[in-house]
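Here's a quick walk through one protein model. Have the viewer open while you read.

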Amino acid sequence: MASVDPTAARFPSAPAGAGHYESFYLKLCHPSEPLGAWIRYTVHKRPGAEPTGSLWFTLFEADGPQAAKLTVPGPESGGGEWLRVGEARIGPDGASGQIPDADGAGTQCAWELVLADGEPPLRHLPRPWMYRARLPRTKLLSITPSGRFDGRLSVGEREVEVDGWRGMAGHNWGAQHAERWIWLHGITEDGDWLDAAIGRVTLGPLTTPWVANGALSLAGDRHALRRARVTEYPDRCTFSLSGRRVEVRGTVEAPRERFVGWVYADPDGSEHHAVNCSIADMRLRVSRGGGASSELVVRGGAAYELGMRERDHGMSIQPHPYG
């Protein structure tokens with residue numbers, strides 16, 4: 001897997017006539033309160049068009065999320081940074097950026113974050129060739145599935161100090177989103193973590209069953225997870241994930257008012273709605289090798305994201321176009 005560079009931006013090499021999307025993102029949560037942030041730096045390129053870059057910011061708290069978005073032309077990479085969108089940057093040591101308010105006279109939100117103690121990358125797909133081949137059309141990995149953040153967040157006049165928050169940094173790209181997807185991420189107080197993407201993809205006229213790609217880390221040992229059974233709703237999910245001699249049965253949920261909803265567009269112009277809560281509660285029952293099971297709990301710090309085609313889900317969607 002060493003040939004798969006987890007931090008290299010792919011959009012600069014996308015053919016001019018092809019469509020492409022790409023995202024570098026951070027998820028971080030307060031160690032003891034339902035308070036967290038989800039920040040994305042994205043590239044969206046329609047076939048034959050120049051790419052645009054966007055900043056997506058969400059502060060999650062018990063009373064509900066505060067969200068903002070900015071789209072500008074000319075995203076860039078290189079010079080030691082993973083991606084630059086306007087004056088905002090994300091790279092190996094963290095991220096900074098700001099989004100102006102609607103009239104441009106002030107700052108709607110801003111962030112200055114340092115990432116440290118990051119664990120080695122998690123490459124979700126099981127084979128290196130899958131990151132180079134046409135299929136799957138969505139490639140994903142976690143640059144670090146577990147790390148610690150320091151710095152600050154601000155929304156309007158409010159300043160939030162970030163001191164030892166647990167979190168992760170991720171990267172995905174491709175020509176098309178999955179037909180339907182789930183992202184699960186949570187880190188326990190002991191440092192164990194689950195990082196899994198579960199998707200259904202279209203192959204011609206058919207849609208596959210749920211396929212899992214991810215891992216469970218227990219005391220530093222990673223267990224790949226490849227099979228999934230899922231019962232999902234916009235605000236909660238019950239799941240079973242399994243791999244070689246390991247099975248994880250879990251739930252993740254949060255009140256509906258704690259979710260943020262966005263429009264995600266594919267390069268071909270089709271759209272999904274994606275709802276995300278990064279301060280959800282997660283409970284896992286882990287069985288290994290037929291032995292006794294153990295329980296892992298993440299309170300107010302897990303991520304649950306559902307991407308879907310339907311519009312009658314009853315969740316609030318931000319009034320921002322994708323690209």
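The notes below go from the ground rules to the cores, the salt bridges, the surface and the backbone.

## Ground rules

This is a predicted model, with local features taken at pLDDT of at least 70 and side-chain atom pairs only at pLDDT 80 or more, while totals for chains, interfaces and linings use all residues. Numbering runs from 1 along each chain as its sequence is written, and side-chain values use heavy atoms, leaving out hydrogens and water.

## The nonpolar cores

Let's begin inside. As a general point, nonpolar side chains in soluble globular proteins tend to be buried together. A nonpolar core here is a set of buried Ala, Val, Leu, Ile, Met, Phe, Trp, Tyr and Cys residues joined through side-chain atoms within 4.5 Å. For burial, the cut-offs on relative accessible area are under 20% for buried and over 50% for exposed, with partly exposed in between (1.4 Å probe, protein chains only).

The largest nonpolar core holds 49 residues, and Leu184, Leu194, Leu216 and Leu241 have the most contacts inside it. Strand S23 (residues 271–288) gives the largest share of this core, 8 residues. Strands, by the way, are DSSP runs of E with at least two residues, numbered from the N terminus. Another core, of 41 residues, lies apart from that one, and Ile39, Val160, Trp165 and Ala197 are among its members.

What does Leu184 touch, leaving aside residues up to four places away in sequence? Its contacts (heavy atoms within 4.5 Å) include Leu194, Ile198, Phe239, Leu241, Val252 and Met282. Asp195 and Tyr304 are also among the residues that Leu184 touches.

## A buried histidine

His171 sits in strand S12 (residues 158–174). Is His171 buried or exposed? It's buried, with a relative accessible area of 0%.

The side chain of His171 makes a polar contact with the side chain of Glu22 at 2.8 Å. That term means a pair of N or O atoms within 3.5 Å; within protein, one must be able to donate a hydrogen and the other to accept it, and residues adjacent in sequence count only if both atoms are side-chain atoms. Skipping residues up to four places away in sequence, His171 also touches a set including Pro6, Thr7, Arg10, Phe24, Tyr25, Lys139 and Ile143.

## Salt bridges

Side chains of opposite charge can pair when their charged atoms come close. Counting a side-chain nitrogen of Lys or Arg within 4 Å of a carboxyl oxygen of Asp or Glu as a salt bridge, the whole structure has 15 of them.

Take Glu310 and Arg180, whose side chains meet at 2.9 Å, N to O. Glu310 lies in the segment after strand S24 (294–308) and Arg180 in strand S13 (residues 180–187), so the pair ties together parts that are 130 residues apart in sequence. Glu310 is partly exposed at 28% relative accessibility, whereas Arg180 is buried at 16%. Elsewhere, salt bridges with shared partners join Glu81, Arg89 and Asp93 into one network. Within that trio, the closest N and O atoms of Asp93 and Arg89 are 2.7 Å apart; Asp93 is partly exposed at 44% and Arg89 buried at 18%.

Arg152 and Glu159 form a salt bridge too, at 3.9 Å from N to O. Arg152 counts as partly exposed, with 34% relative accessibility, and Glu159 is exposed at 54%.

Leu203 belongs to strand S15 (residues 202–203) and is partly exposed at 46%.

Leu135 turns up again in the backbone: its peptide bond to Pro136 is cis, with omega near 0 degrees. Pro136 is in the loop between strand S10 (122–123) and strand S11 (138–155). Ala219 has a positive phi, near 50 degrees, despite not being glycine; it is in the loop between strand S17 (211–218) and strand S18 (221–225) and is exposed at 75%. Arg245, also not a glycine, has a positive phi of about 60 degrees, lies in the loop between strand S20 (236–243) and strand S21 (246–253), and is exposed at 60%.

Note on methods: Helix = DSSP H or I, 4+ residues; strand = E, 2+ residues; numbered from the N terminus.
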